[in-house]
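Here's a quick briefing on a protein model. Take a look at the sequence and the 3D view, then read on.

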Amino acid sequence: MSTLDHVVLTLPFRGTWLARNSPARRVPSHGTHLFATTYAMDFIAVRGRRTATTRDWRTLLSTEPVERFFAFGQPILAPAAGRVVSVHDGEADHVARRSQLALVPYALTQAARVRGGAGAIAGNHVILELEDRGGYVVLAHLRAGSIRVGEGESVAAGRELAVCGNSGNSTQPHLHIQVMDSADPFTARGLPMSFRQYRVWRRPGGPPVLVEQGIPNESEVVEPL
């Protein structure tokens, strides 16, 4: 996928994160154009390639506390300069579900979450209008009560906006990011995005590669420079 016509951002976090649902693998990346998610990406904080401090019987058979996941509570940063046009908070952070047994009942309630609208899907989130009408960035699944900016506020790139949570349509703490051509996800179209200046590990145990501008591929581990 060419990056010439992409909205170019910086990765909105610190440390190493695993790329999931990458548009470098398929478009629409989340299997639908609904809510302008055509080119959306997910990122999960990792150490090595581990997403949590613990793996035990609950991982296989039940739900898990979100506090054991590295992403939970990690700062989420503005990926570019812009103005906050929308803030949604007050959605609860759910327990995590890696177990197939725990995922089955969750999947059965998926349609109800879609009918619940943006809050039920994105959870707590911030929408940022980029400078020079460059698009609107959504940062979603934020921790309840953690959003530190208000509507109408101008922010610089790298400003801490909130911390990562597990609100909305989320089975474990992670960040969802997408770019749209308007501020309303019900009517907007998704826009392609890419990221500048990061390090990527393309396979376990392999050497890191420096990327000037690109789109992390599925299951790659990335770290902003």
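Which helix gives the largest share of the nonpolar patch? That's helix H1 (residues 57-61), with three residues. Keep in mind that this is a predicted model, where local features need pLDDT of at least 70, side-chain atom pairs count only at pLDDT 80 or more, and totals for chains, interfaces and linings use all residues. Residues are numbered from 1 along each chain as its sequence is written, and side-chain values use heavy atoms, with hydrogens and water left out.

**The surface patch**
- Trp57, Leu60, Leu61 and Leu101 make a nonpolar surface patch of about 480 Å².
- Tryptophan 57 lies in helix H1; helices are DSSP runs (H or I) of at least four residues, numbered from the N terminus.
- Tryptophan 57 has a relative accessible area of 54%, so it counts as exposed (over 50%; buried is under 20%, partly exposed in between, with a 1.4 Å probe and protein chains only).

**The aromatic rings**
- You'll find four aromatic pairs here, meaning Phe, Tyr or Trp rings (six-membered ring for Trp) with centres within 6.5 Å.
- Phenylalanine 13 and tryptophan 17 are stacked (planes under 30 degrees apart), because their ring centres are 4.5 Å apart and their planes sit at 20°.
- Phenylalanine 13 is buried, at 1% relative accessibility, and tryptophan 17 is buried at 1% too.
- One aromatic cluster is formed by Phe13, Trp17, Phe43 and Phe195.

Notes. Patches are made of residues with over 30% relative accessible area and no salt bridge: like charges are joined within 9 Å, nonpolar side chains (Val, Leu, Ile, Met, Phe, Trp, Tyr) within 5 Å. Accessible areas come from the Shrake-Rupley method with a 1.4 Å probe; for residues, only the protein chains shown count as cover. A salt bridge is a side-chain nitrogen of Lys or Arg within 4 Å of a carboxyl oxygen of Asp or Glu. Helices (H or I, at least four residues) and strands (E, at least two) are DSSP runs, numbered from the N terminus. Rings of Phe, Tyr and Trp (its six-membered ring) pair if their centres lie within 6.5 Å; planes under 30 degrees apart count as stacked, over 60 as edge-to-face and the rest as tilted.
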